[in-house]
Amino acid sequence: MLYIGSMTKEAWIKSKALELGFDHVGIALVGRMESENYLNQWIARGFHADMQWMENNREKRMDPRLLMPGAKSIICVGLNYFYPIAWEEDKPKISRYALGDDYHEVLKKKLKSLESEIQTKFGGVPCKACVDTAPIMDKYWAVKAGIGWQGKHSNVITRDKGSWIFLGELITDLELVPDEPIGDFCGSCSLCIDACPTNAIAEPYVIDSNKCISYQTIEFRGDLLPNDTAGWIYGCDICQDVCPWNTKFSAESQTVEFKPREALVNRDLSEWKSLTEENYREKFKKSAVKRAKYKGLKRNIDHL
């Protein structure tokens, strides 16, 4: 085990990650996913809907060494994005994660800073930063690294911040001592399953994207939405809002970029229905909502 002064290499990396603003950091050994059958079966059941990209690069998803040859460890990070929102009745809602700046840019910038610190400290160590868009199973590795456990709503839950966290990874060829998974603390609770208005949680830990409001309002490209979206025009927080780990342990984010934009919260439906493409570009500059494009967001609004 390598020591840097009085700190181990792993402790130094974790300390540096926390200094850069991450709320959680853990380490996992690179290898082939032990639960690859779960992914194969999920896709075989058609639960990925028309997200063809989940079928692509499946081998890379199952083994990060195919993403970065020579990789030995994965440094997994979590960044809290929770800001309290009191939605008024009948006001169109947007998922908390998309009310501030695009998390891809914010998280990637912090990961690249961590990468730079590691390369400087350990002499040009090869690393690959991943934020959501790379073919890697973020939740699986976060669980392996001990950041949290995958809840019955499929999101990773942490013991001190709940599930309001963005996940990212730094794959590296450094040999690091891994952390241990912390176990599953959902117990017999089924609040998330019971609360889902479209029954999208097909069974504990398994999401049928075809029924999921988040999928329908973000990834679905059809002209008409298949069911009522319960007032959501982008994403959905219902399963997370009822989770006891969130109701008890949510803590306001210290990342100012995630602070909700006033123009997106508690606006009348009439205001949303008058949204033009020019307004859209202005309101959602540097926003994750651009994933749905103007056409998709307008479809979601008109569906209400």
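Is Lys259 buried or exposed? Before I come to that, please keep in mind that this is a predicted model, in which local features need pLDDT of at least 70 and side-chain atom pairs count only at pLDDT 80 or more, while totals for chains, interfaces and linings use all residues. Residues are numbered from 1 along each chain as its sequence is written, and side-chain values use heavy atoms, with hydrogens and water left out.

Lys259 counts as exposed because its relative accessibility is 54%, where exposed means over 50% relative accessible area, buried under 20% and partly exposed in between, with a 1.4 Å probe and protein chains only. Lys259 sits in the loop between α9 (244-249) and α10 (269-273); helices here are DSSP runs of H or I with at least four residues, strands are E runs of at least two, and both are numbered from the N terminus. Leaving aside neighbours within four places in sequence, Lys259 is in contact, meaning heavy atoms within 4.5 Å, with Tyr83, Leu99 and Gly100.

Turning to Glu219, this residue is found in the loop between α7 (213-218) and β12 (232-234), and it counts as buried because its relative accessibility is 17%. Not counting residues up to four places away in sequence, Glu219 touches Met51, Trp53, Ser214 and Arg291.

Finally, Cys239 lies in helix α8, residues 238-241, and, with its neighbours within four places in sequence left aside, Cys239 is in contact with His153, Asn155 and Cys192. Between the C-alpha atoms of Cys239 and Ala129 the distance is 29 Å, and these two residues are 110 residues apart in sequence.
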